[in-house]
Structure formats: structure tokens, C-alpha cells
Amino acid sequence: MSRDAGLPNLARAREILSQSSRVAAFSGAGLSAESGLPTFRDPETDALWASYDPSELASIDGFVANPARVIDWYGWRRNRYARVRPNAAHRALAAQPKMIQITQNVDNLLEQAGVAPDRVYHLHGSILFDRCHSDDCNYREAVDLENPPGLRDCPHCGNRLRPAVVWFGENLPLDTWQRAHALCAALDCLLVVGTSATVYPAAGLIELARRNGSRIIVVDPNPGEAGAQADVSLAATAGEALPLLLEGFNLESASST
Ligand code: APR
């Protein structure tokens, strides 16, 4: 492979990776963009929040105000998720079985690409499941993305069922967050892939890793906020850059806490 394969900074990024033994990846919607899923804010794609109001569709207040509208919208999204498959970026990450994948994405494309489920930390939940809206009830069930359920009640407690994703203003799943936080405090290198790094607390993992001595490699056509915290940015799509970046790299030890 020529040094940069036409991708500026590639050699530098590969050098950092080759010097790292504790490596994890932190991803956002951009990772799944080339599979055909919209991002939330990227003007280059049919970004969801450019057409839809997150306070109506991704908040507790929005759900309480009009649960049917929210469930219908997730039904529409679930149909789209049913039709997509992993892209070259997911496959490149899956080829590193010991690497932990911290993701904000609610799809299961990393798992479909072969990443072991216990190595994917879903900070914002999963669109493949419904859960009871009541915090006092642990009911949860898998849903059929091709035939997503309509508005319905919890068979255990009678409260509403809703997608098992994290809405604005809601807490992240505690155990998953604590594991991601502990991991990012003990890395040599964090790969930041396809996130605008604007939604907290997840975005704070980049600064946490950097503060604890980790180098930051950003992969994003528009590196933005994450790029400002990077040691090196690859201004390319994840599908283009990750196979080149990870080619020949073999993470020896499992970077898990
Ligand atoms: N490859 C890599 N990055 C890409 C690609 C691609 N093919 N296409 C777009 N991007 C980048 C954009 O440049 C942008 O920086 O992906 C990023 C997507 O940013 P957002 O749309 O803000 O998505 P994300 O960072 O995952 O959002 C965080 O916000 O709405 C909530 O809960 C939702 O998890 C989500 C969170």
C-alpha cells in the first residue's frame, strides 16, 4: 500500500495505531450512513432533525403528548432499518474481534457484521427492542423491524410500550455507560467514527480519553467538533477510510475493562 493511498494523514494514523495496544472505537450515525441510514444532523445526507422535530419525536414530553405519532415515526424508521446491511466500515471494525465498539447507533449493523454482542456498547439503546415506558417495569421485547408494532400497552403493567432507545433528557443505560467511561479512561487510542460529537454525555468520552493520555483518530468527511480534539483526522467516509486504516492491524489484547 502506498503511504497515504491518496488519503491525507493515513500514514500518520496507521503509525499511531501501530503504537497502540489498548484501542476502542466510538461511533455515531456516520458509521451507518453508507448502509443507507440517515444521520441526524449532517446536511450532506437527508438528516432526520432537518425534517423532524426531536422534541416531538425523541423526548418523553413528545411521547406523552402524542404517543401514536412517536410510535408511527419509529415504525417508519424500523422499516428502513429492516432493509439495510453492514457496509465496509462495519466489516473493517468487525475484523478486529478484540476491539470494543462504543456506539451511539441504535442499529445492529456492527453485530450483523460479526462483532460479538458483548463487545458492542449501545449507549443510546436499540431500535430492535421495545420496552415498558415505566421505570418501575423491566418489560422488554424484540420487535419485527419489517412489521413494527403500533401503539400498545405493556403486558406486565399496562403502561405504554415504546422503543428501547434513549431520548433527549433521558439517562443512558447505567451499566453500559459506566463500562464505556472506564474503558475510555484507559486507552492508548480512540477511533472516533462518524459522529458530530455534539450530544452529551456520549460526546464527552472523547475528551475523557484524551485527558487520560489516549490519542484520538477521527474518521469523518467533516471532522467538526471531534476533529478539533483529534491528533489526526481522516477526512473521508468511514467506508473508504476504515478498511485502509485497519488493514494489517491486529489488536492483540481485548481492550475491555
Ligand atoms: N462516514 C463517516 N462519517 C460520516 C459519513 C460517512 N459516510 N456521513 C456523515 N458522516 C458524519 C457527519 O459529517 C457528522 O459529523 O457523521 C456525523 C453524523 O453526526 P450526527 O448526525 O449528529 O449523528 P451522531 O453524532 O451519531 O448523533 C448523536 O444525537 O440525535 C441524537 O441519539 C441521536 O445518537 C444520536 C446522537
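Helix α12 (residues 238–246) lies across β7, β8 and β9, and it runs at about 140° to β8. Contact here means heavy atoms within 4.5 Å, axes are lines fitted to C-alpha atoms (for helices over the stretch in contact), and angles run from 0 to 180 degrees between N-to-C directions. Helices (H or I, at least four residues) and strands (E, at least two) are DSSP runs, numbered from the N terminus.

This is a predicted model, so to speak in its own terms: local features need pLDDT of at least 70, side-chain atom pairs count only at pLDDT 80 or more, and totals for chains, interfaces and linings use all residues. Residues are numbered from 1 along each chain as its sequence is written, and side-chain values use heavy atoms, with hydrogens and water left out.

**The sheet and its helices**

- Six strands make up an open sheet in the order β3-β2-β1-β7-β8-β9, with parallel pairing; two strands pair if DSSP finds at least two bridges between them.
- β3 and β9 (232–234) sit at the edges with a single partner strand each, so one side of each has no neighbour in the sheet.
- On average, neighbouring strands of this sheet are turned by 20° against each other, direction ignored.
- Strand β8 (residues 215–219) pairs with β9 in the parallel sense over three bridges, and V219 stands opposite L234 in β9.
- α10 also lies across part of the sheet: β1 (23–27), β2 (100–103), β7 (189–193) and β8, running at about 160° to β7.

**Helix against helix**

- Helix α9 (residues 174–184) and helix α10 (residues 204–211) have axes that come within 8 Å and cross at roughly 35°.
- On the α9 side, W177, A180, H181 and C184 do the meeting, while α10 brings L205, L208 and A209.
- That contact divides into six nonpolar residues, one polar and no charged; Ala, Val, Leu, Ile, Met, Phe, Trp, Tyr, Cys and Pro count as nonpolar, Asp, Glu, Lys and Arg as charged, and the others, Gly among them, as polar.

**Pockets**

- A pocket is an open set of points on a 1 Å grid over the protein atoms alone, with protein on both sides within 12 Å along at least five of seven lines, whereas a cavity is a set where a 1.4 Å probe fits but cannot get out; lining residues have an atom within 4 Å of a point.
- Grid points are joined across faces, edges and corners, and a volume is the space filled by probe spheres set on the points.
- The largest pocket holds about 900 Å³ of space.
- Its lining counts 46 residues, and G28, A29, F40, R41 and S196 are the closest to the centre.
- α2 (30–33), α6 (67–82) and α11 are the elements that give two or more residues to this lining.
- By class, the lining of the largest pocket comes out at 22 nonpolar, 16 polar and eight charged residues.
- The second largest pocket has a volume of about 450 Å³, with 21 lining residues, of which G125, R131, R140, A164 and P173 are the closest to its centre.
- β4 gives the most to the lining of the second largest pocket, with four residues.

**Cavity**

- There is one cavity of 30 Å³ or more, lined by Y81, V84, D107, N108, L109, Q112, L128 and L145.
- Those lining residues split into five nonpolar, two polar and one charged.
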